[in-house]
Amino acid sequence: MAKATNTEIIDLLGEKFGEQLFDVTEPYGLLTFSTHKDKVITVLSFLKENGKIDFNFLTDITAVHYPEKNQIAVVYHLHSMVSGVRVRLKVFLNENHPTIPTASTLWNSANWMERETYDFFGVKFEGHPDLRRILNMDDLGVHPMLKQYPLEDPNRVDKKDEYFGR
Amino acid sequence: MSEINIVDAPPGIEGSGFFATSLDKVIGLARSHSLWPLPFATSCCGIEFMATMGSHYDFGRFGAERLSFSPRQADLLMVMGTIAKKMSPVLKQVYLQMAEPRWVIAVGACASSGGIFDTYSVLQGIDEIIPVDVYVPGCPPRPEAILDGFGKIQELVKNESGRKRYSDQYKQMLASYGIE
Amino acid sequence: MKHNQPVYTDNDPQNELVTLNLGPTHPATHGVFQNVLQLDGERIVSGVSTIGYIHRAFEKIAEHRPFYQITPLTDRLNYCSSPINNMGWHMTVEKLLNIQIPKRVDYLRVIIMELARISDHIICNTIIAQDTGATTTFLYLFQFREHIYEIYEEVCGARLTTNVGRIGGLERDFNEIAFAKINKFLKEFPIALREFESLLNRNRIFIDRTAGVAEVTQENALSFGWTGPLLRATGVDYDVRISEPYSSYQDFDFEIPVGTSGDIYDRFLVRNEEMWQSLRIIEQALDKIKLEPKGIFHADVPEFYLPGKEEVYNNMEALIYHFKIVMGEIDAPKAEVYHAVEGGNGELGFYLINDGGRTPYRLHFRRPSFINYSMFAKMSEGMLLSDAIINMSSMNIIAGELDA
Ligand code: SF4
């Protein structure tokens with residue numbers, strides 16, 4: 001089957017969702033758009049099954065923290081293996097209350113990806129069956145990928161700033 | 001001539017029909033050539049350990065053919081790879097379960113010092129939680145280096161006095177790690 | 001120390017199930033993962049996986065390192081096939097910077113990536129054999145992995161964590177010895193691989209242990225996000241090398257092996273066949289290189305390609321570029337890019353957001369082991385304990401990639 005083009009996807013989505021999808025760009029040929037958090041499941045399920053270009057494969061879920069905008073963006077990468085195209089969907093959340101409905105109802109793989117995102121960024125996926133930390137220790141207390149937290153262990157005593165010119 | 005090498009006898013007094021040496025030396029000799037390592041391999045360095053165990057480098061030549069996955073029966077704890085903070089209680093537990101005399105070798109930069117991972121989640125060297133006898137540098141160390149580190153351990157084992165593990169110094173050292 | 005997970009509580013005296021804690025340092029798991037299983041005799045009733053025992057915070061480190069210093073991190077993702085990760089990362093940055101890579105460099109990269117794939121598959125397949133009781137094959141094929149390491153050493157000086165290549169090409173050309181070693185490998189390895197196959201492919205014990213065990217449907221595999229040999233064993237012919245060719249894979253003639261039922265035997269066969277295909281690709285690449293102009297091993301992009309030390313000391317321009325690159329004063333577009341390569345275990349993706357600073361604003365790795373592994377506990381339900389062990393080996397879960 002021939003590869004679907006981004007215009008076809010834009011047409012398909014524009015017809016269905018109109019203004020609910022915004023910030024449409026194509027960095028390096030990968031169609032990217034944003035939506036609101038209450039629409040995300042509708043959009044994802046439409047993308048997954050629409051009869052024309054089915055994005056049946058969830059490649060990845062992750063998040064990005066923008067402290068100066070007080071936002072956390074949850075990023076979904078979807079892939080249509082049959083049509084050979086990918087899309088990227090972003091949802092911007094307020095960093096103080098990052099909650100978003102879970103996609104694990106649509107794809108099983110979302111389960112762990114969302115747990116990872118929760119672990120790193122503290123994004124709460126509502127309706128997730130088992131939202132626990134996955135990589136870090138349970139008693140870590142912070143969500144370490146947020147920009148305000150340092151990379152190095154703040155409790156280290158052997159590393160004196162004067163030796164590092166700080 | 002046979003190609004098999006036999007280790008040299010320890011220094012002692014020899015005469016017709018007898019050979020006298022100290023018990024420590026005999027025990028050290030025997031122990032050092034029959035160490036049972038416990039490979040605590042977590043990541044990349046563990047793969048190099050697999051290469052060391054493989055036919056090319058053949059770790060078994062040095063009397064360490066029998067890997068002991070049970071800490072109770074192991075003499076040598078070989079820590080290979082990054083030890084995350086989540087893993088550190090497990091490592092300590094394994095060390096505690098080993099019977100005396102026990103030796104520890106930290107293989108690779110991560111086990112020795114945290115390596116390139118100066119992060120919130122990685123233990124900065126296993127010597128923060130357990131005493132270490134030999135450090136092998138490298139990221140990962142070549143199999144030759146691991147063998148060399150093992151040779152160093154053998155030297156230590158050979159020359160260890162039989163009373164070392166009962167000495168106050170040793171007990172203090174353990175106590176400084178919070179081990180009774 | 002607080003125990004990590006709320007697992008099973010065996011307060012019920014009537015309970016006949018046994019709780020078994022498999023891992024995190026169990027010798028049969030080949031890596032540090034914990035699975036707490038509920039057993040009914042030999043059969044697994046349910047399980048809970050805990051991971052993160054070597055979580056090293058790659059993504060956080062990446063936010064603090066300039067682009068060229070991230071290569072060593074990618075080494076340590078899937079350390080069984082680090083060159084693929086290195087190249088994947090370089091290609092991501094090259095995509096961001098719109099660098100055109102000369103064909104010869106592409107082919108050289110293909111050679112080293114396919115060698116890496118072979119060494120990855122050697123580990124996985126011999127470990128499956130080892131876990132079913134055939135130690136010989138493990139010791140035998142491992143010898144050839146050693147030969148691959150020798151080729152790496154010629155090309156970049158390291159064995160395992162190769163850190164091979166630079167942004168914009170390779171760090172140095174393959175030398176004569178490297179080519180000689182590759183040719184030698186191409187001659188010797190097929191013999192060994194054929195022997196390996198003849199020992200196992202139609203071996204009654206091996207087939208009984210693996211065929212029909214841990215079957216996975218295509219729907220399930222796709223829903224759980226499987227990629228790579230695992231997905232192909234279920235019959236889905238998805239391979240990034242074909243669907244989105246990178247590094248001139250479109251110039252090569254090779255096949256994508258697929259299985260039918262997704263069981264362990266199929267995975268084993270798929271990986272074996274992939275090794276054959278990799279050998280084919282390497283042969284073609286060697287032929288193609290002969291037709292390309294000699295001596296080219298990087299693109300002509302002085303502002304991004306870290307110059308050699310000799311140049312830096314003798315040449316003003318190289319010194320300036322060296323300074324600029326090391327101090328992070330290069331102009332990279334503010335953009336986001338996703339690039340995927342076919343790693344040893346599946347689609348290895350790099351999602352890079354650049355804000356024009358010295359370091360990436362955000363770098364996310366789509367790690368196939370992590371995503372593949374999420375099915376393990378679910379899959380194990382109803383399986384025999386001994387089957388679950390080979391199932392785990394056949395998934396080739398690499399702890400570094402799993403935990404990042
Ligand atoms: S020292 Fe290097 S090779 Fe060894 S575990 Fe650490 S990162 Fe991996």
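The structure, a predicted model, holds 28 aromatic pairs over all chains. Local features need pLDDT of at least 70, side-chain atom pairs count only at pLDDT 80 or more, and totals for chains, interfaces and linings use all residues. Residues are numbered from 1 along each chain as its sequence is written, chains are lettered from A and ligands numbered from 1 in the order in which they are written, and side-chain values use heavy atoms, leaving out hydrogens and water.

**Exercise 1.** Classify the pair C:Phe33 and C:Tyr373 and state what the pair ties together.

Step 1. Rings of Phe, Tyr and Trp (its six-membered ring) pair if their centres lie within 6.5 Å; planes under 30 degrees apart are stacked, over 60 edge-to-face, the rest tilted.
Step 2. The centres of C:Phe33 and C:Tyr373 are 5.3 Å apart with 40° between the planes, and the pair is tilted.
Step 3. C:Phe33 lies in the loop between β1 (18-22) and β2 (34-40) of chain C and C:Tyr373 in helix α14 (residues 368-373) of chain C, so the pair ties together parts 340 residues apart in sequence. Helices (H or I, at least four residues) and strands (E, at least two) are DSSP runs, numbered from the N terminus.

**Exercise 2.** Classify the pair C:Tyr249 and C:Phe252.

Step 1. With centres 6.2 Å apart and planes at 55°, the pair of C:Tyr249 and C:Phe252 is tilted.

**Exercise 3.** Which residues form one aromatic cluster?

Step 1. The cluster consists of B:Phe117, C:Phe58, C:Phe67, C:Trp89, C:Phe350 and C:Phe365.
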